[in-house]
Amino acid sequence: MGFFSKLFKGPEIDMEKSNANAKKMRQLFNQAVEHGDDYRIIFGYTEDVSRFNYGFVHGSKTKIGNLIVGWNEAAQTIAAVPTVPDLSGCGDPTWYRRPEILKAYRSKYPADAFVIYPDKKGYISIQAYDWLDDESLYVYVSQEEELAAFTEFFTKQFATK
């Protein structure tokens, strides 16, 4: 029984690697966001899907954008900082302040995502999981507790009815 339970368990999280990446995420976030320690953070990503149609060839191409997502409950603010899977750098944050957004909700289809419309012209869809095992596309980090906290914050304080 013990052998087969290990065989079908699937990949296990390398907590040493995960903790090292969590530290890098914190450093990058604090570098990009003033008073960054006032925010809890998770890894998230967004997808940009472009469709193409060349006669008999139809399809789509997906681009993944990695994000360090921070939230501050007291300020009702989310900051999304773009990054890369190896955490070698980051871009400038985009701010989503609860009083300034048009609408926000959690989508379950086609993927579990946190969707924010800051205005009528654009939106961001943040997808986040407790752990993804593809270091070529995503940041390698285990974040079950942080994801649960972000989900609770977003649902209670950020999502519009």
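Is G70 buried or exposed in this predicted model? G70 is buried, with a relative accessible area of 0%. The legends below begin with this residue and then move to other parts of the chain.

**Figure 1**
G70 is found in strand β2, which covers residues 57-72. Because the relative accessible area of G70 is 0%, under the 20% limit, the residue counts as buried. Leaving out residues up to four places away in sequence, G70 touches F29, Y39, R40, I41, T77, I78 and A79. F43 lies 27 residues from G70 along the chain, and the C-alpha atoms of the two are separated by 8.8 Å.

**Figure 1. Confidence along the predicted chain.**
The mean pLDDT of the chain is 84, and 82% of the residues score at least 70. Among the elements of the chain, strand β3 (residues 77-83) has the highest mean pLDDT, 95. Helix α1 (residues 2-7) has the lowest, 51. Where pLDDT is low, the predicted coordinates should not be read in detail.

**Figure 2. The open sheet of β5, β6 and β7.**
Three strands form an open sheet in the order β5-β6-β7, and their pairing is antiparallel. β5 (103-107) and β7 (124-126) stand at the edges; each has a single partner strand, so one side of each is left without a neighbour in the sheet. From one strand to the next, the twist averages 20°. β5 and strand β6 (residues 113-117) run antiparallel and are joined by five bridges. K103 has Y117 in β6 as its bridge partner. Helix α3 lies across β5 and β6, running at about 40° to β6.

In soluble globular proteins, nonpolar side chains tend to be buried together. The largest nonpolar core here has 21 residues, and those with the most contacts inside it are I78, Y96, I116, F150, F154 and F158. β2, β3, β6, β7 and α3 are the elements that give two or more residues to this core. α3 supplies the largest share of the core, six residues. Setting aside neighbours within four places in sequence, F150 is in contact with I42, V69, W71, I78 and F114. Another core lies apart from the largest one; this other core has 16 residues, among them Y39, Y45, A79 and V141.

**Figure 3. The salt bridge between D112 and R106.**
How many salt bridges does the count come to? The count comes to two. In one of them, the side chains of D112 and R106 meet, with 2.7 Å from N to O. D112 counts as partly exposed because its relative accessibility is 22%. R106 also counts as partly exposed, at 30% relative accessibility.

K156 forms a salt bridge with E152, and the closest N and O atoms are 3.2 Å apart. K156 and E152 are four residues apart in helix α3 (residues 144-158), so about one helical turn separates them. With a relative accessibility of 63%, K156 counts as exposed, whereas E152 counts as partly exposed at 46%. E145 is also found in helix α3. The relative accessible area of E145 is 59%, which means that this residue is exposed. E145 and D130 are 15 residues apart in sequence, and their C-alpha atoms are 8.0 Å apart in space.

Note on methods:
Residues are numbered from 1 along each chain as its sequence is written. This is a predicted model: local features need pLDDT of at least 70, side-chain atom pairs count only at pLDDT 80 or more; totals for chains, interfaces and linings use all residues. Side-chain values use heavy atoms; hydrogens and water are left out. A salt bridge is a side-chain nitrogen of Lys or Arg within 4 Å of a carboxyl oxygen of Asp or Glu. Buried means under 20% relative accessible area, exposed over 50%, partly exposed in between (1.4 Å probe, protein chains only). Contact means heavy atoms within 4.5 Å. pLDDT is the predictor's confidence in each residue, from 0 to 100. Two strands pair if DSSP finds at least two bridges between them. Axes are lines fitted to C-alpha atoms, for helices over the stretch in contact, and angles run from 0 to 180 degrees between N-to-C directions. A nonpolar core is a set of buried Ala, Val, Leu, Ile, Met, Phe, Trp, Tyr and Cys residues joined through side-chain atoms within 4.5 Å.
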